[in-house]
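Please look over the fold first, then the surface beside the RNA. The report below takes them in that order and ends with confidence.

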Amino acid sequence: MSQEKNSIVFIVGPTAVGKSEVAALLAKKINAEIISCDSMQIYKGMDIITSKPSPALIKQVPHHLIGIVAPTSRYDVSKYRKDALKKINELVKQGKTPLFVGGTGLYMTILLDGIFQAKAEDKVLRSRLYQLAKQRGGLYLYKQLAKVDPIAAKKIHPNDTKRIIRAIEVYKITGKPISQLQTQRKGLTDDYDIRIFCLHMEREALYKRIDARVERMFKQGVVKEASKLLKLRLSKTAKFAIGLRELKGYFWGAYDLEEAKEMMKQNTRQYAKRQLTWFRKDKRIQWIEVRGNEKSVTLANRIFKLLKKGQSPLITGKLKTGTVPVI
RNA sequence: GCCGAGGUAGCUCAGUGGUAGAGCGCGGCCCUGAAAAGGCCGGCGUGGGAAGUCCGAUUCUUCUCCUCGGCA
């Protein structure tokens, strides 16, 4: 006997693959509301530069966790998780299906698999550690970590200073090795019926879409938006949106606008590649190959049918490994 | 037309008489409080073409084609 679980659907995929439209169309079919799974669309005022869903789309289906944080504020995975869980509860109570849409793989994973309990960063400690890394070299910290948490050290590359520092920080704050804490997590997969779809297309086609999107951003006025944003004291999380650094260089006169644009295209392409690596690794995902110039409606229909069939390889309980079903 | 410089990886370029590297790009991967971030791995090549010298040429010589700069 299977107890009825509420379902949660994810539509993920690399940037510019066309998630937003498909999701909105699907949402209408399955009585869902959309919860963004995007680390940058969360910020206010970063509309063009993060290619938020159009107002027209948002009018059709309620969207959550978009534009709710000031770009001067920090935001991170743990806050996201809290916000997202809250939204899930709200929607489920209303009898709606939460439909997560976005490309931030870590955010997805943390919802699915949980996060370990620890305090957020300790700014003072962290800056001290960074200073140490600078003075004594990265290897020094790495050796420190190896002493207190050999398991984590084994997993982290000696050059990956950021992770080394976080691991040491966690150890200093909690007195426990991060490698141990990381095993203590609880995700959504026990309590919900979860389905994940990843939109996917040929690399060349995707890169063309990325280039086109960047061009569109310029027509829509990213330059103006970025110049406004760059006048603020952007948080260290928000300031890393692709486009900001590139346009900053232009404003400083390091290169011309055309060059900034090309840099944005290239950095976005590389980002998309990393996203795909992340999603490829997760064997719970059902891949939706976008054929040629397939329309969003068609794609939404395909996903809808798959949902009805319930032929998911997934996805309650533990990670399942296996081959990636390509549909 | 003459003089000079140069043609080596997708791009910019290094180097060597024993079949070649570097940065970027590109590809693959890792990832749990910065994640659109951060890190790791991989050379992906008819060395412009032809001939000659040599055991052996990408490297030396000659011819040829092309590009760039200067002079006409």
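Strand E2 (residues 32-36) and strand E4 (residues 97-102) run parallel and are joined by five bridges. Strands pair when DSSP finds at least two bridges between them. Helices (H or I, at least four residues) and strands (E, at least two) are DSSP runs, numbered from the N terminus. Serine 36 sits opposite valine 101 in E4.

This is a predicted model: local features need pLDDT of at least 70, side-chain atom pairs count only at pLDDT 80 or more, and totals for chains, interfaces and linings use all residues. Residues are numbered from 1 along each chain as its sequence is written, while chains are lettered from A and ligands numbered from 1 in the order in which they are written.

**Sheet and helices**

The open sheet has six strands in the order E3-E2-E4-E1-E5-E6, with parallel pairing. E3 and strand E6 (286-289) are the edge strands, each pairing on one side only. Helix H1 (residues 19-29) packs on this sheet and touches strand E1 (7-12), E2, E4 and strand E5 (193-200). Contact here means C-beta atoms, placed from the backbone, within 7 Å. The direction of H1 makes about 170° with that of E4.

Helix H11 (residues 222-230) packs against helix H12 (residues 244-252) at about 90°, with axes 10 Å apart. Axes are lines fitted to C-alpha atoms, for helices over the stretch in contact, and angles run from 0 to 180 degrees between N-to-C directions. H11 is therefore roughly perpendicular to H12, a label for angles of 65 to 115 degrees.

| Helix | Residues in the H11–H12 contact |
|---|---|
| H11 | Val223, Ala226, Ser227, Leu229, Leu230 |
| H12 | Leu244, Leu247, Lys248, Phe251 |

**RNA surface**

Which residues come nearest to RNA strand B? Of the 46 around it, they are Ser39, Met40, Thr50, Leu106 and Asn159. A residue is near if its C-beta atom, placed from the backbone, lies within 6 Å of the strand. H13 gives the most to this surface, with 11 residues.

**Confidence**

Mean pLDDT (the predictor's confidence in each residue, from 0 to 100) is 90 for chain A, and 93% of its residues reach 70 or more. Residues 313-327 stay under 50. Where pLDDT is low, the predicted coordinates should not be read in detail. The complex has an ipTM of 0.88 and a pTM of 0.89 from the predictor.

Definitions and conventions
Contact = placed C-beta atoms within 7 Å. Parallel < 35°, antiparallel > 145°, perpendicular 65-115°, else oblique.
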